[in-house]
Amino acid sequence: MNSQNIYVLNGPNLNLLGTRQPEVYGSETLQDVETLCRRVAAENDFAIQFRQSNHEGEVVEMIHEARTEAVGIVINPAAYTHTSIAIRDALASCDMPIYEVHISNVHRREAFRHHSYVSGLATGVIAGLGIEGYAAAVRAISLSRAKLIR
Ligand code: DQA
């Protein structure tokens, strides 16, 4: 039987992880994030579809794909968190657990990062755990599919 898919979606500038403001985002790369997510998912018999885009419409299209192909979504919308009603509306069309992840603690940063268009419809929000936040979100989706949490 094929494993069920958890989609892990990443917004703009996250392709630069590891070299971009390492004092804020750490020295691990997006490849490290992908490896971590795949390991945690495999431990729980799930598969990962891992994506990144610098373009808002592409992120919307990734969410549309996840709508029919995923059992859950982990999304770090990056700067689009604070600006994108289109990404929020796309997520609102997905009937599955959705976890919003931020590597940094956005609430300790500039005021414009304190508002998220996504948080109001997310199952859970994780901020400030570094890349471990992605692992926690993948684990949470695995547990919710096993009906251990709701
Ligand atoms: C981020 C926080 C956002 O405010 C920022 O625009 C990002 C990354 C984070 O992972 O901490 O690009 O989502």
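This is a predicted model: local features need pLDDT of at least 70, side-chain atom pairs count only at pLDDT 80 or more; totals for chains, interfaces and linings use all residues.

Reader: Which residues surround the ligand?

Author: Start with the shell, counting a residue if a heavy atom lies within 4 Å. Here the ligand is surrounded by Arg 20, Tyr 25, Asn 76, Ala 78, Ala 79, His 82, His 102, Ile 103, Ser 104, Val 106 and Arg 113. By class, that shell has 5 nonpolar, 4 polar and 2 charged residues.

Reader: Which atoms of His 102, Ile 103 and Ser 104 lie by the ligand's oxygen atoms?

Author: For polar contacts, look for N or O pairs within 3.5 Å. His 102 brings a polar side-chain atom to 2.8 Å from a ligand oxygen. Ile 103 uses its backbone: an N or O atom there lies 2.8 Å from an oxygen of the ligand. Ser 104 has a side-chain N or O atom 2.6 Å from a ligand oxygen.

Reader: How much of the ligand does the protein bury?

Author: Compare the ligand alone with the ligand in place. Alone, the ligand exposes 320 Å². The protein buries 99% of that.

Reader: Where does the ligand sit?

Author: In the largest pocket. The volume of that pocket is about 170 Å³. Its lining comprises 15 residues, and the closest to the pocket centre are Arg 20, Tyr 25, Ala 78, Ala 79 and Arg 113.

Reader: What is the lining of the largest pocket by class?

Author: Sort the lining as we sorted the shell. The lining has 7 nonpolar, 5 polar and 3 charged residues.

Note on methods:
Residues are numbered from 1 along each chain as its sequence is written. Side-chain values use heavy atoms; hydrogens and water are left out. A polar contact is a pair of N or O atoms within 3.5 Å; within protein, one must be able to donate a hydrogen and the other to accept it, and residues adjacent in sequence count only if both atoms are side-chain atoms. Accessible areas come from the Shrake-Rupley method with a 1.4 Å probe; for residues, only the protein chains shown count as cover. On a 1 Å grid over the protein atoms alone, a cavity is a set of points where a 1.4 Å probe fits but cannot get out, and a pocket is an open set with protein on both sides within 12 Å along at least five of seven lines; lining residues have an atom within 4 Å of a point. A molecule sits in a cavity or pocket if more than half of its atoms lie within 2 Å of its grid points. Ala, Val, Leu, Ile, Met, Phe, Trp, Tyr, Cys and Pro count as nonpolar, Asp, Glu, Lys and Arg as charged, and the others, Gly among them, as polar. Grid points are joined across faces, edges and corners, and a volume is the space filled by probe spheres set on the points.
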